[in-house]
Structure formats: structure tokens, C-alpha cells
Amino acid sequence: MSLKDLTGGLPLDPLPPPRQRDENVPHAPSRTTRLSADEERLALQNALRYIPPEYHETLAPEFALELRMYGHIYMYRFLPQVEMRAYPINEYPCKCRQAAAIMMMIMNNLDPRVAQFPQELVTYGGNGQVFSNWAQFWIVMKYLSEMKEDQTLVMYSGHPAGLFPSHENAPRAVITNGMVIPNYSSRENYDRMFALGVTMYGQMTAGSYCYIGPQGIVHGTTLTVLNAGRRKFGNRDLRGKVFLSAGLGGMSGAQAKAAVICGCVGVIAEVSKAALMKRYNQGWLMEVAEDVDACIALIRKGRKDKTPVSIGYLGNVVTLWERIAEEYDRTGDVLVDLGSDQTSCHNPFNGGYYPVQLSVEEANTMMVEDPEEFKKTVHVSLRRHADAINKMTKRGMYFFDYGNAFLLEASRAGADVLKEGHISGTVFRYPSYVQDIMGDIFSLGFGPFRWVCTSCEPDDLKQTDEIATSVLEDIINKGVNAASKQQYEDNIHWIKQAGQHKMVVGSQARILYSDQTGRIAIALAFNDAVKQGNLKGPVVISRDHHDVSGTDSPFRETSNIYDGSQFCADMAVQNVIGDSFRGATWVAIHNGGGVGWGEVMNGGFGLVLDGSTEAAERAEMMLGWDVSNGVTRRSWCGNSNAQATICRAMDENSKLKVTLPHKVDDETLLERAFRD
């Protein structure tokens, strides 16, 4: 099968033969649908909408069996028989180069080397879908191959609503995922609606086609651990320091690599041998311990040698945390300095968190056959998990919530994680890493800027690394404030090492944290390199939605906003609207992502830099808004870094005028006003 074959629409004449799940690749856990008989029929009817009636007799029983067995109709029969990966942009049969870039990004998201559960169209996070079923993939590829520069593809939660007339400066695709009316945006309703095939969870960059493999979070994790070290130890020297966490799947797989880059001993627990060995075989893990005694021995050796090392523990992280606490009681040694968690705890009852009392196989069975008992078992495990962490923090370990809803779900399980004096369930004894570490970085305007070389040539990626380094060094030489200079220097250090650490999985992509000035300058330099022919193909720029402006989440991105608006989603919605008419090639907005369905709203974009004057204009206009929107919101909420940053931006651009807050100088006035 060729790329040309992917553009012919759903293959029906003849029908592909029935296909079973390939047991050589990981699969998403089966889901409990809890659908009534009427709802099961509705789910089947919804799936058959993609199929002409003459094929219904053949496919209806097959789809019904998938629904009963897996809790969702994936349409395995229509799995494309092509090597799923990012191909050079010029190989896609398209009428529009921007459409070809989107096709490339979609196929990268579904590359088995990149995707967590490729046959279920899950890129990462346990349930981060690219599409809901394979029929949608085929239809989207056909639409993109036909698209002209005055058309826009509209996507409703994986469903291609169609190509609509627009204009050249409009986005080529507008994507929404999980846009459920707020009163119905519960986890239970999600499970039902996903089974019905009417909505899906796009995570952050899965359903917006912008995932670049675990590298996408390696850099953010590196910055987080470095700055956690600065907070704990007063410097970034982490030699001999131990960082313990859990998860080696899609996004969490980055932790091992980041620990080594930071110079510390990284210990990452993982219950799935397949996931752990995948990271080991990729070179992201240096050591594997298959029992807790071996893991403790490797931790002690790493602390003594003070040599960067990543250790994968094959087992449940609760077992390891409890043993770490026992070791302190026995020897007085605090074996862990920094602790966190990166399990997919936003999805705790469907494979995102495995309870310590059960094997993986037992858990996968119980979550389907007895979901209520499984939920109780997870809650017991979360309480044990939190208790062991609490013991270690009392002994000096620094723990932070890494934005995966661990503390939120632990609090719902009745664990002792609420801050003393608070019973609301939203204020925890341990800070979100945004509150303690990354929040001020966001308020300076710095966040995860990404790019993909559509030529798929490693030499192009190497050149872009060099271009980005040069741009950042020039900015420093022209003069920046001390806080921004530290961020620039951290990122120059990162980008100079990035190529050496072999972080490319899938597309030739890179990430670094930069502010508005840096992002615009890098984008313009890339565009000029394409124009001059120094790069062999266009560059797609994007970012993680976890950024300055992209996400409203009270438990992560907006957890350091204290004026009461941390639950408001205006910023993310305005971000996508503003990007769409300032030049983005595609935009996406999602309910859910990172911390869970109904807990967050996030938006993102993709922009193709093809060397044209128009691409440069779009990049300058759109990136300026994409950063300033979030800095403005953070300024209004009282963050001093953000106020200083947005004031500098206004000085540089006379068209920018932002409403600034007036501070109450005497806070006793607030109480006196009501008393009087």
C-alpha cells in the first residue's frame, strides 16, 4: 500500500478482510461501557453511518463484537496496511502543501514507535486519541489530499464534518475535541459518549496532531527537575541526588532521559514490562531492576558514584515507595531527594493507574468485570501511595505534583494529601509543579516551543538546532533581564546537548522553552532558511498546549492564579480564536488533557513555515498573540513577573495596550471595609 492509496477514501470495493488486534503491539485496556441495550444499538448505528448500506450486514456483527469486547468500535478491519510514520512532505499526494504537513503530522502521531496504543489510535496518556475509529482516518486523509488553499477541514471530536469554503488566510483545519456541555462533562458521561462514538479525549497534542514523541516532555521535565533542585538545594548541581517517579509510557517515558541530562540518579517505576523495555531498547533507560532489592542496591550505588544514571524498576511504584520508607526506618538513610509521579492518574480506573494489590493482568480483568471493586482497590492503593510519600517528606524529601492529577485522585480516595485547614479538595499539602517551579517561568512568557522538519532529514534538524542556538545567543548579547537570561542560558545548554542524547522518535522534531521574542526570532530565521534553500523542506512550528496561554487548569497550568479565576477557561478559548485569524495553519481546542476530562480546557496550533513572505507575517503576528494572551491574563491576576513582561512587550509594540491591575497597598482595608 502506498501514500496514494491512503487518499482514496474508505476502502470498500473490495472490503478488506477481517483483522484481529495485533498482539505484537501494546493495546488499550478494554473499557466498561455500561450502555443499555438501546444505547448499544445507537453506538452501532453511529458507527455504520460511515459505511454504505450494502456493507452493513457484513460489518454490523463485527462492530457489535468490538463494542462488547473492547468497549468501543475501532473498526480494526480498516487498519491501513502501510508503514505508519512521518514521510517527507513532498511524498504526500496533495493539492495544498499545508494539507500535506497535516497528513505528515497525523501519521507521526500514529507511528507505532511514537504511539502508545497505535491500533486504538491512542498516541499517549492511556486515552489520548487521534481519531475515534479508522474510518475517520481514511476520510480525513482523502479530504486533505483534495483540499485547496481556500478550504478548511472541520473536525468534531475525531469526526471529519467536511471541507468548507474559506480563504487562503484561514486555518486549513479547525479541530475540537470533547466539547461537552459543562454540566455533563463528567468521567461517567465521557465513558458513555466515547462508547457511543460521539466524542473523544484528544489529550493535549494527540488530537491536535502535534505530538513529537516523548522528547516533547523531556525538555520540560529537565527544566522542572533542574529548578526543583535549585529550590531544594540552592543550585542546579544534582550529582548523587535521587529523583523517584513512576511511568515509562508516552509522556512519562521522558523522565529517565531528563534525569540523566540533569545529572542525577533517576528511578522510574513501571508496571508494564513492554513499556519499560521499549525505553531500555531505545537507550532512554540505562539500568533495569526487576525486583525491589536490586533497585535499592542500584540507588545506593548511584548515590555513591555520583554519576548520572537512569534506573527502570519493573514493578509497582507503591511497593518501591513503601520500601524506601522502610529503609529509612532501618538505616536512617533518606534514599530519595526529589519525588513525583507521572502515571496517567487522570484516568485511574481504566488503565491509567495500576493498584499495588493486583498484577497488571488481574487489574485489566477486574476493571472490566467488576469496575466498582476495582475503583475501591485503586483508592486503597492511592492511600498507601500517599502515606509512604508523606513519611518521606517528613524526613526531608521534596515532593511535587507533576500535573497528572495524582493529588486530586488521592484526595478523592481519602488520602491524607489536603493542606492543613483546607477541606475543599483543591488545596493540597504538596504544590503543583506549576505553583512551585514552572509558574514564574510561564509568567515570563517562556514555554514549550516546538518544530518539525517536514523533509524528514536529520541534517535539517541539525541545522535548525544551530539556528535556534544562534538566535538565543544573539538575544542574550543584546541584553535581557536576569530572570529571562537564566531561562535563555538553560535552553541554550539544552539545545546544544539535544542532538547528542538521541531524542528523536518519529519525526525530525525538537523542542525548547522560549518567550515571545525568542519564538518569533527563531520562526523568522527558520522561514528565511527555507526561503534560501538551506533547509530541504518547510518547518512546522507548534507547542505543547501546556504553555503560557494554551491551558486553563486549576490543578496545573493555572494553579498559581489566586484571584479566583483559576477555574475560568477564557484564556484557552481566546487563545485558539486569536490564533485562528492571525495565521495558524490549524488550531485545536480540547476538553481534558493531562489532568483529566472535565478538569481542564486547552488549545493549540500548527503553523507551516514555507519560506514565503506570508508565512513570516503570520508567524510574527500569531506568535505575538499566542504568548501575550497568557502573560496578560497572569499579569491581571497579580503576578509581578507577568506584569513586567507585558509592560516590556507594550514598550516594544505601540499597538499593544493591556489593562493593568491596581494593587491594594493596605490589605487591612479589605477587612476594615466590611467591619466598618
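Modeller: In this predicted model, the pair to examine is helix α6, residues 215-233, and helix α14, residues 433-443, whose axes lie 10 Å apart and form an angle of about 110 degrees. Angles of 65 to 115 degrees count as roughly perpendicular, and α6 is therefore roughly perpendicular to α14. On the α6 side the contact is made by L223, T224, N227, A228 and R231, and these meet Y433, D436, I437, M438 and I441 of α14. Sorted by class, the residues joining α6 to α14 comprise six nonpolar, two polar and two charged ones.

An unreviewed UniProt entry lists residues 440-646 as "domain: Urocanase C-terminal".

Helix α1 (residues 37-48) packs with helix α5 (residues 187-196) at about 50 degrees, the axes being 8 Å apart. At that angle, α1 and α5 are oblique to each other. Here E39, L42, A43 and N46 of α1 meet R192, A195 and L196 of α5. The contact of α1 with α5 has four nonpolar residues, one polar residue and two charged residues.

Six strands in the order β8-β9-β7-β6-β10-β11 form an open sheet with parallel pairing. The edges are taken by β8 (287-289) and β11 (398-399); each has a single partner strand, so one side of each lacks a neighbour in the sheet. Within the sheet, strand β6 (residues 242-246) pairs with strand β7 (residues 265-270) in the parallel sense over five bridges, and L244 has V267 in β7 as its bridge partner. Against this sheet packs helix α9 (residues 292-305), which touches β6, β7, β8 and β9 (309-314), and the direction of α9 makes about 170 degrees with that of β9.

N390 belongs to helix α12, residues 371-393. With a relative accessible area of 6%, N390 falls under the 20% limit and is therefore buried. Leaving aside residues up to four places away in sequence, N390 touches D416, R429 and Y430.

Terms used
Residues are numbered from 1 along each chain as its sequence is written. This is a predicted model: local features need pLDDT of at least 70, side-chain atom pairs count only at pLDDT 80 or more; totals for chains, interfaces and linings use all residues. Side-chain values use heavy atoms; hydrogens and water are left out. Axes are lines fitted to C-alpha atoms, for helices over the stretch in contact, and angles run from 0 to 180 degrees between N-to-C directions. Helices (H or I, at least four residues) and strands (E, at least two) are DSSP runs, numbered from the N terminus. Angles under 35 degrees count as roughly parallel, over 145 as roughly antiparallel, 65 to 115 as roughly perpendicular and the rest as oblique. Contact means heavy atoms within 4.5 Å. Ala, Val, Leu, Ile, Met, Phe, Trp, Tyr, Cys and Pro count as nonpolar, Asp, Glu, Lys and Arg as charged, and the others, Gly among them, as polar. Buried means under 20% relative accessible area, exposed over 50%, partly exposed in between (1.4 Å probe, protein chains only). Two strands pair if DSSP finds at least two bridges between them. UniProt positions are given in the numbering used here, feature names are shortened, and annotations may be inferred rather than shown by experiment.
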